Structure formats: structure tokens, C-alpha cells
Amino acid sequence: MRRVSVVGNSGSGKSTLAARLAGRLDVPWLELDSIFHLPAWTPRPPEEFRTEVERFTAGDGWVIDGNYSLVSDLVWARADTVIWIDPPRPVVMRQLLSRTLRRMATGAELWNGNRESFRSLLSRDDSIVRFAWKSHAKLRDRYPRASADPANAHLTFIRVASRADADALMG
């Protein structure tokens, strides 16, 4: 395990586990959100995004977290392992709400000057909570299918469904 893609729903613990794993493996870590979201939540142009990901994945070892279909072909072609963070929906929602409210209360900067806001939390279109709720079932369908796909036979898939699973993975 030297080139790892960490995937899962927003609030599932992807970045937390990815950062820990990168430290344990002594490899760089990239949070895809950090290069996708430019100031004012502007998406990076697709070709620029792909170029940045290609550059990062050219290394011998790395950990990347995120679910961007725009670059999953690049990441998975170079990865040796996919770790799917898959806690139950109530756990994801509790973790996501707690994290989002903490970030809003502290005004924490996420990437490139971006911050979460109460307006976006309650937005019909931009709410991370609404997005995560809707994404949960889709991801629960996507990753088991991907692990069974012969095109991904070069990858080791690891499902992490709980903190105990994550602790066991970290040794």
C-alpha cells in the first residue's frame, strides 16, 4: 500500500483517515477539494484540475482523498489501493453537522479563502448536508460495483465501516 485513494461521503472521515495514513506511510497527502475549489468556491477548470492531479500522482507514494469522477480515472489507474470510508448514514450526518457547525462558528478557512456559511448550510442547492444525504445511497452502490469491475483488478479495495475498522487498518 503506497498509492492510496480514499473515497466516501462528505463527513465520513475521508480526510481524517487519509491524513493519518499518509503520515504512517510517510507519503504526501492531497485533499482533492483543496485544489478543486478556487477562491469564492469557483471550480478549477477541468483540464487544470486533471493536470494538478496527474502531477501529484506521478510520485512513487501518495494518499489522495475525494470522489471526483473528473479525475478518478487518473487516480485509480495509478493507485494500488482504494479505501472506501462507509459508516452508516446517521454517523455520517452527525459527523458532518458537527464539523460544519464548528467550522461556521470558528470561521475556519477551508481552501483558498473559502469558508462554510449558514446560508450555504440552509441552501436548497449548495447545502453540504443535503448533498451528503443524497449521495449516501449512490456511493453505497458505486464502490461495491467498482470493486467487482475487472478494470479495477489491479486495486485492493478496503471498506472501512466504523472507527474500529479505521483503527484496525492503521494498526
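Q: What counts as a helix or a strand here, and how many of each are in the chain?
A: Helices and strands are DSSP runs, numbered from the N terminus. In this predicted model, the chain has 8 helices and 7 strands.

Q: How compact is the chain?
A: The radius of gyration is set against the globule rule. The chain has a radius of gyration of 16 Å, close to the 16 Å that the rule gives for 171 residues, so the chain is as compact as a globular protein of that length. Along the principal axes, the C-alpha atoms fill a box of roughly 45 × 35 × 30 Å.

Q: What share of the residues is buried?
A: Buried means under 20% relative accessible area. Of the 171 residues in the chain, 43% are buried.

Q: Where do nonpolar side chains tend to be in soluble globular proteins?
A: They tend to be buried together. In this chain, the largest nonpolar core has 21 residues. Leu32, Phe49, Val53, Val71, Val75 and Trp76 have the most contacts inside this core. Elements giving two or more residues to the core include α2 (32–36), α3 (46–57) and α7 (128–148). The most comes from α4, with 4 residues. A second, separate core has 15 residues, among them Leu25, Val27, Ile85 and Met170.

Q: Which residues does Phe49 touch, leaving out those up to four places away in sequence?
A: Contact means heavy atoms within 4.5 Å. Phe49 touches Leu32, Ile35, Phe36, Arg44, Tyr68, Leu70 and Val71.

Q: What share of contacts joins residues at least 24 apart in sequence?
A: Among contacts between residues at least 6 apart, the share is 71%.

Key
Residues are numbered from 1 along each chain as its sequence is written. This is a predicted model: local features need pLDDT of at least 70, side-chain atom pairs count only at pLDDT 80 or more; totals for chains, interfaces and linings use all residues. Side-chain values use heavy atoms; hydrogens and water are left out. The radius of gyration is taken over C-alpha atoms; the globule rule is 2.2 Å times the number of residues to the power 0.38. Buried means under 20% relative accessible area, exposed over 50%, partly exposed in between (1.4 Å probe, protein chains only). A nonpolar core is a set of buried Ala, Val, Leu, Ile, Met, Phe, Trp, Tyr and Cys residues joined through side-chain atoms within 4.5 Å.
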